[in-house]
Every structure is written in structure tokens, then in C-alpha cells.
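Q: I am new to this structure and should like to learn how to read its features. May we take them one at a time?

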Amino acid sequence: MSEQKDELDPPYEILEPAEWRGPVVFNSPHSGNVYPRAFLTASRLEMAALRRSEDSFVDELCLGVVRRGYPLMRAHFPRCYVDVNREPYELDPRMFEGRLPSFANTRSMRVAGGLGTVARVVGDAQEIYGQRIPVDDAIRRIEGLYKPYHRGLRRLFTRVHRDFGAAVLIDCHSMPSSAGSKDERPRADVVLGDRYSTSCVAAVAETIESTLRAQGYSVSRNKPYAGGFITEHYGNPAAGLHAIQLEFNRALYMDERRFERSASFDRVAADLEALADRLAGIPIQELRHYRAAAHRALALEPPPRALVL
């Protein structure tokens, strides 16, 4: 426990602008690259294999938005150690020694695929561990990293909503340039995930798509990624809270084999800054549009997607 705390203290950071220019928040939950020594010892894989699940350099792609007036939150821990884009306790009982909590979700599709809150596999379904790991280890990761991350993100999102009357969360990720040996077809440059138009108002997704297309990128929406736990649970358009996931094709900005930035990295980063300004330019009334209806609904029933940490 102490080793995890020392190596991953703090577990995340929030970079705040000198002057806040709009209700836009950027989040990079999967770019963390601090791999605890005990984890590397327990893993049967080399570092290069573990890093295939990492959204390498995505946080750096977004750094320029802070200068433009928008906050950026980023994780320090890697997603294969604990994944904050999952439910708090999506856990595979086949991985652990000891009994899981009774409330753990052991039957989700993500758990079945080995990609729960504490992942069983990375990359092309490569098993991370050579043997079962203690349940207490998973609980420590959730309590010490997952929950603090979400508390920090929730506070930031709530602050922006309070100050501007609405908030837009841009949840940034990256994807391999192809789906693997079974499918070598090129993917879109960027995939937008808005949970099939439920996690944000149309103006947010349309502004992102039109801006990216004007910048020369190919864009698809909700296929193959519709948005994960963060997009689903932070997006509540009726309350003026909007969330959308952006998946960037790694071939746009990096050498996937060498884990190095490519010559086009700076151009993509500059385009992201321009995109942030376009999002901040959405009339605030379009982001607040459903607030009155939300207040009426909230008076009758609890929020539909509350995240309790």
C-alpha cells in the first residue's frame, strides 16, 4: 500500500488556466504511464506489451488547451493498473484470490472481455498476470486511485457548471490505427462517442464533427466507440452537463511501434486548441436549454445517473 501511495502520489493532476474562457473541461484518463514496481513484478508481460493499452501522449496533445483558457485533468496511473472509465467494481472473479464484495459487477461485457476496473488482459487478449492476485490489492487500487480520480473530476465539472451555468466534458482517448490482424481496414481519424445522442446536446457533437472535418480529419460517430462509463455517467444534458468521448487514431500523431511522437503531433495539438475555442463559442443558452425541465424532473425523482463515491 505504501509503495503504491509513494509512486502514485498524487494519482492525478488538474492543470488550470490562468484565465477561464468557457465551460469546457478536457480529461485524459488513460494516458498515465507511472507503472508501480510491484505491478511490473507481478505482470508476466514486458513493458511494451503493457503500454499497448495506454493512450500514449493524449494528455500532451491536450496541453495547449490550458493556455487557451480551459482546464485539463490527467491520470498518472496506467489504465491496465486500474481503469477509471469503468464502473467502480467491475471485477473478474477468475483473477483474484479471496472473495469479491457482494456488490461487485462480475458479469458485464467488459469483465467478460478481460477489461474490467482491474484489467485481466491487454492488447490482443494477452494475460497480464501469471497467477491470481489478492482481492485486497484490487480494492486498494479502487479506493486509493479510482475513487479519488472521480472525486476530483466531479469537483472540477461541478465547479465549471456553477461558474458558467453549464459544462462540457471532452473525454480524450486514443485507438490503434487498425483493429488488429483480423481487420486491417483503416479507422477514422477521430471517433466521437455521445452514447447515441444521449450524453450531450446536438450542438456539442455537431460543433466537434464540423470543426474536425474542416480541419481535414475523417470522423465517425459512435462506431466503434460510443463512449464509456465517464461519458455515460457525467453527461446529463437536462441538467446542463454535457459529455462526449473523443478517440484519436494513434497514426495521426505517433509512431505506434516505437511509442514516439510523430512529425504531425504539433499540428494535431494546434487543431485541438482551435476545437476548444469553437466549443467555448457555443451560445451558453444552447447548453442550458433543458435546465428548467431538469429542475422539474429532479423535484419528482433522483438523478438518473448518480455516481456515488
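Q: Which strand gives the most to the lining of the largest pocket?
A: A pocket is found on a 1 Å grid over the protein atoms alone: it is an open set of points with protein on both sides within 12 Å along at least five of seven lines, whereas a cavity is a set where a 1.4 Å probe fits but cannot get out, and lining residues have an atom within 4 Å of a point. Strands (E, at least two residues) and helices (H or I, at least four) are DSSP runs, numbered from the N terminus. In this predicted model, β8 makes the greatest contribution to the lining of the largest pocket, with three residues. At least two lining residues come from each of β5 (121–122), β8 (167–175), β11 (241–249) and β12 (254–255).

Q: How much space lies in the largest pocket, and which residues are the closest to its centre?
A: A volume is the space filled by probe spheres set on the grid points, which are joined across faces, edges and corners. The largest pocket holds about 1,300 Å³. It is lined by 47 residues, and R52, S53, G123, P176 and R250 are the closest to its centre.

Q: How many cavities of 30 Å³ or more does the rule give, and which residues line the largest cavity?
A: The count is one cavity of 30 Å³ or more. The largest cavity has a volume of about 50 Å³, and its lining consists of V190, L212, Q215, Y217, F248, L252, V268, D271, L272 and L275. Helix α10 (residues 265–280) supplies four of these residues, the largest share. Eight residues of this lining are nonpolar, one is polar and one is charged.

Q: What confidence does the protein average?
A: The score is pLDDT, the predictor's confidence in each residue, from 0 to 100. The protein averages 92, and 89% of the residues score at least 70. Over residues 291–309 the pLDDT is below 50, although this stretch has 23 contacts (heavy atoms within 4.5 Å) beyond near neighbours in sequence. Where pLDDT is low, the predicted coordinates should not be read in detail.

Q: Which conventions apply to the values?
A: Local features need pLDDT of at least 70, side-chain atom pairs count only at pLDDT 80 or more, and totals for chains, interfaces and linings use all residues. Residues are numbered from 1 along each chain as its sequence is written, and side-chain values use heavy atoms, with hydrogens and water left out.

Q: How many helices and strands does the protein have, and what share of its residues is buried?
A: There are 12 helices and 13 strands. Buried means under 20% relative accessible area, exposed over 50%, and partly exposed in between (1.4 Å probe, protein chains only). Of the 309 residues, 54% are buried. Among contacts with a separation of 6 or more, 80% join residues 24 or more positions apart.

Q: How many disulfides does a search of the whole structure find?
A: A disulfide is a covalent bond between the sulfur atoms of two cysteines; here the test is a pair of such atoms within 2.5 Å. The search finds zero. The sulfur of C172 has its closest cysteine sulfur in C62, at 3.8 Å, which is too far for a bond. C172 is buried at 0% relative accessible area, and C80 is buried at 1%.

Q: Which backbone features should be noted?
A: Most residues other than glycine have a negative phi, and most peptide bonds are trans. A cis peptide bond joins D9 and P10, with omega about 5°, and P10 lies in the loop between α1 (2–7) and β1 (12–15). Another cis peptide bond joins K223 and P224, with omega about 5°; P224 belongs to the loop between β10 (219–221) and α9 (229–234). A125, which is not a glycine, has a positive phi of about 60°. This residue is in the loop between β5 and β6 (126–127), and A125 is exposed at 57% relative accessibility.

Notes. Ala, Val, Leu, Ile, Met, Phe, Trp, Tyr, Cys and Pro count as nonpolar, Asp, Glu, Lys and Arg as charged, and the others, Gly among them, as polar.
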